[in-house]
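User: I would like to go through this model by question and answer. Please give the cut-off behind each term when it comes up.

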Amino acid sequence: MNAMTALLTRRTALAAIAGVIVARNASATPEQTKEWLSTAAKGTPREGKVTLKAPEIAENGNAVPVTVSVESEMTAKSYVKAVYIAADGNPNPGVATYEFTPMSGKAEVQLRVRLAQTQKLVVVAEMNDGTLYTASREIKVTIGGCGG
Amino acid sequence: MADDIKPRIRVQNTARKGEVVEVKTLITHPMENGQRKDASGKVVPRMIVNALKVTYNDKPVMDVKLETAVAANPFMAFFVKVEETGTLKFTWTDDEKNSWTAESKIEVA
């Protein structure tokens, strides 16, 4: 653990020397994230129905617990077809895609996410009738989780 | 290394008809994201579990696509609606097309 901490400190120092530009190049931009989400779910999402629970400050970016739930009856007539999760400050914007069926009973999932730095998580939910809902949340990361 | 990979699931064994049951799953997997470098400075190639499929009595419940931003030893919790006695089946697949399955029976009282 000590060796890892030392490594991280050295990395942070190096990154600081190398300047912010390098860090910027290595991560996805909000535009790329939007693009990833719009390729996954076509249309303009509205706010609402989606709840995104995550810590405000994550000490360790290696595993940040996230809960996503979408309001829905989850019946054959009306259910959540898919949930797309993206992060706008990671090297790649995509986090995970969930495809549900009415057999899911409840459109709620928990997972643990890697976050390289302080950034925004964006969730888009696609209903079976094609309407889209979105929610987002900023998470502050103390130690990034993208490995040395 | 592939021998260490073991799926774990936690779900109740009995349910009422129509009950929405919580399922918790975890698979021990390093989820190499292809960004990390080893001691000699070489990039460790990407190797992640990229899919989890869940079925109940062979009917699809949920399909998950995982990207590199999912933490190591991917933990997933979700729900399934149980209408009849049956078997929940889980299949994880990784970048090298290895797959692991796990099953759990749920009895409707």
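Predicted model: local features only at pLDDT ≥ 70, side-chain atom pairs only at ≥ 80, totals over all residues.

User: Which element gives the most to the lining of the second largest pocket?

Analyst: A pocket is an open set of points on a 1 Å grid over the protein atoms alone, where a 1.4 Å probe fits, with protein on both sides within 12 Å along at least five of seven lines; lining residues have an atom within 4 Å of a point. The space in this one is about 310 Å³, a volume being the space filled by probe spheres set on the points, which are joined across faces, edges and corners. Of its 15 lining residues, those closest to the centre are A:K34, A:L37, A:P45, A:V122 and A:T134. Strand 8 (119-127), strand 9 (132-143) and helix 3 (30-40) of chain A each supply at least two lining residues (helices are DSSP runs of H or I with at least four residues, strands runs of E with at least two, numbered from the N terminus), and the top contributor, with five residues, is helix 3 of chain A.

User: Is A:K34 buried or exposed?

Analyst: A:K34 belongs to helix 3 of chain A, and its C-alpha atom is 9.7 Å from that of A:A87, 53 residues away along the chain. Buried means under 20% relative accessible area, exposed over 50% and partly exposed in between, with a 1.4 Å probe and protein chains only. A:K34 has a relative accessible area of 64%, so the residue is exposed.

User: How are the planes of A:Y98 and A:F100 arranged?

Analyst: Rings of Phe, Tyr and Trp (its six-membered ring) pair if their centres lie within 6.5 Å; planes under 30 degrees apart are stacked, over 60 edge-to-face and the rest tilted. A:Y98 is buried at 1% relative accessible area, as is A:F100 at 5%. Their centres are 6.2 Å apart and their planes 10° apart: stacked.

User: Why is the pair B:F78 and B:F90 tilted?

Analyst: B:F78 sits in strand 6 (residues 75-82) and B:F90 in strand 7 (residues 86-94) of chain B, 12 residues apart. B:F78 is buried at 0% relative accessibility, and B:F90 is buried with a relative accessible area of 0%. The ring centres are 6.5 Å apart, and the pair is tilted because the angle between the planes is 55°.

User: Which ring lies under the charged end of A:R112?

Analyst: A charge sits over a ring if NZ of Lys or CZ of Arg is within 6 Å of the ring centre and within 35 degrees of the ring normal. A:K106 has its charged end over the ring of B:F79, 4.2 Å from the centre. For A:R112 the distance is 4.3 Å, and the ring is that of B:F75.

User: Is A:S69 buried or exposed?

Analyst: A:S69 is in strand 4 (residues 64-70) of chain A. Beyond neighbours within four places in sequence, A:S69 has contacts (heavy atoms within 4.5 Å) that include A:K49, A:V50 and A:E108. Its relative accessible area is 16%, so A:S69 is buried.

Technical notes. Residues numbered from 1 in each chain as written. Chains lettered and ligands numbered in written order. Heavy atoms only, no water.
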